[in-house]
Amino acid sequence: MANTKEIQRRIKSISSTKKITKAMEMVAAAKMRRTTEAVLRTRPYANLSWVTVLNLAKAVNSNGTIHLLLSERKDIKKVAIVLFSSNRGLCGGFNSAIMAKARNSIIKHNNLPTDFIVIGKKGLAVNSRYKYNVSAQFEKNDTASEIKEVQALAKMMIDDFLNKKYDKVLVAYTDFVNPAKQVPRVKQILPIDVNAEDDHLGIVGKDEKLGVDKEFVKEKQDKYLSKGEEKFLMTYEPSAEEVLNQMLPRLIEVQLFQALLESNASEHSARMSAMNKATEAASDLVKELTLFYNKARQASITAEIAEISAGANALE
Amino acid sequence: MASKKEIKFEIVTPEKTLMKEPVLQVTVPTESGEITVLPEHAPLVSILKPGVLEVVKTDNTLEVIAVAGGFVEVLLNKIVILADSADRASEIDEEEAEKARKRAEESLKNLRSEDRERFAEITAQLERELAKSRSVKRWRNLNRHIK
């Protein structure tokens, strides 16, 4: 039987690990609360601007030309994927799930040449693990709450798209459904697909409590833009094109921002549950080791008594 | 006075929803000039300019909001403002705003002329800060009248 000192030492070390995981769990829970609030606060803007763009796009399309950021390219030579990952590990399968999802979507698209733009440190593993090319990496703030943090990224993606460096830009992020469920998703952000009506960031696949807003889009169209059969003509100032020119980049920023916030919220809840499990596992281990320890102690006491009584017997 | 007509009003930024309530009228700084939207205004979409937004609430009090660019959308009896950023004048720290404005002016002066992008960035920032300072002043003026 292992000696008691050894077991005691292990119990002590596991208990202190347990303290750390417990603390990390609590930190993650607090951050999760903050990031979920941020997601919810962004959603109205994302939804409202999306609906406006939808209507705008229709108005401009009727003039014949399609805006560059909206037009689908026939010949797709190169694709970019913006991958949102975490800065630190210890968050369960968070990073590997999103990377696997991105990889699947590349395979599904016949392995088109793809560049990754990685947000957060851990996403760099797409290069080391899957050998995909990483063209840029951005730092991120764990609890981002300002749209400024994605503006540089949005500008880069729009420029690269317009310069024909990429013909399609996808975003791979983890959708926060609820604290126990996060879903990795890959969505197209460029060109903006106005036909995928409810398939944009921030509306789709939401838990009811977090505010499904799919109905909202319809409602707005029904309630505010057409009264019965009569359609209202919008006035655009200075012109529909100009408004669209200014609004589309904002929309992309907002979508990226939304993806960032969703990923952050998912990351923290993934970390929270991973740490929760670790804490539980540590508790189990401590329990088991304590049992061992007691057995060992008892065994040594029994042995000692046996020795003493044997000695006493010998003296008689 | 007979009950006045109301129009729904909502002002959101990417970070938050600042206000969402029915109002009597809203004055908005757009790129083609300042417009005042009353109930039953025709549907309109326009680009916002950094500036001061004035809202007449249903209890006839005025709310002054500093906005920094964005869009205004008037639907059937509903105004939606998609602002890049928005702050209530009553919540802006005047000294802070003034300092930020000075800082922006300063960095504009020190800027080398070649750096176009940075120039645009700082000019935009300056306009934002100016809008903030102006809105605070406007807010103070209004309150003086009331007193």
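1. The model is predicted.

2. Start with helix H1 of chain B. The exposed residues B:Glu95, B:Lys99, B:Lys102, B:Glu106 and B:Lys109 sit on the face of H1(B) turned away from its buried side. Which residues of H1(B) are buried? They are B:Ala97, B:Arg101 and B:Ala104. These three lie on the same side of H1(B), because they cover an arc of only 65 degrees around the axis.

3. Now chain B as a whole. Its secondary structure comes to two helices and nine strands. From the N terminus, the order is β-β-β-β-β-β-β-β-β-α-α. The C-alpha atoms fill a box of roughly 60 × 35 × 25 Å along the principal axes. Of the 147 residues of chain B, 35% count as buried. Among contacts in chain B with a separation of 6 or more, 54% are between residues 24 or more positions apart.

4. Chain B is divided into domain 1 (7–89) and domain 2 (91–146). Their centres, taken over C-alpha atoms, are separated by 20 Å. The contact between them takes 12 residues from domain 1 and 12 residues from domain 2. On the domain 1 side, the elements giving two or more residues are strands S5 (51–57), S6 (62–67) and S9 (86–88) of chain B. Which of these has the largest share? S6(B) does, with five residues. By class, this side of domain 1 has nine nonpolar, one polar and two charged residues.

5. Next, the contact between the chains. It takes 25 residues from chain A and 22 residues from chain B. On the chain A side, at least two residues each come from helix H1 (4–61), helix H5 (214–225), strand S8 (235–237) and helix H6 (240–315). H1(A) gives the most, with eight residues. By class, the side of chain A that touches chain B has 15 nonpolar, six polar and four charged residues.

6. Strand pairing also links the two chains. S8(A) is joined to strand S4 (residues 44–48) of chain B by three bridges, and the strands run parallel. One pair to inspect is A:Thr235, whose bridge partner in S4(B) is B:Leu44.

7. Last, a single residue in chain A. A:Met272 is found in helix H6 of chain A. Is A:Met272 buried or exposed? A:Met272 counts as buried, because it has 23 C-beta neighbours inside 10 Å, and the cut-off for buried is 20 or more. Leaving aside neighbours within four places in sequence, A:Met272 is in contact with A:Glu25, A:Ala28, A:Ala29 and A:Met32. For a distance check, take A:Ser128, which is 144 residues from A:Met272 along the chain. The C-alpha atoms of A:Met272 and A:Ser128 are separated by 27 Å.

How values were computed: Residues numbered from 1 in each chain as written. Chains lettered and ligands numbered in written order. Predicted model: local features only at pLDDT ≥ 70, side-chain atom pairs only at ≥ 80, totals over all residues. Buried ≥ 20, exposed ≤ 12 C-beta atoms within 10 Å, placed from the backbone. Helix = DSSP H or I, 4+ residues; strand = E, 2+ residues; numbered from the N terminus. Arc of directions from axis to C-beta. Contact = placed C-beta atoms within 7 Å. Nonpolar A, V, L, I, M, F, W, Y, C, P; charged D, E, K, R; others polar. Pairing = 2+ DSSP bridges. Domains from an automatic or database assignment.
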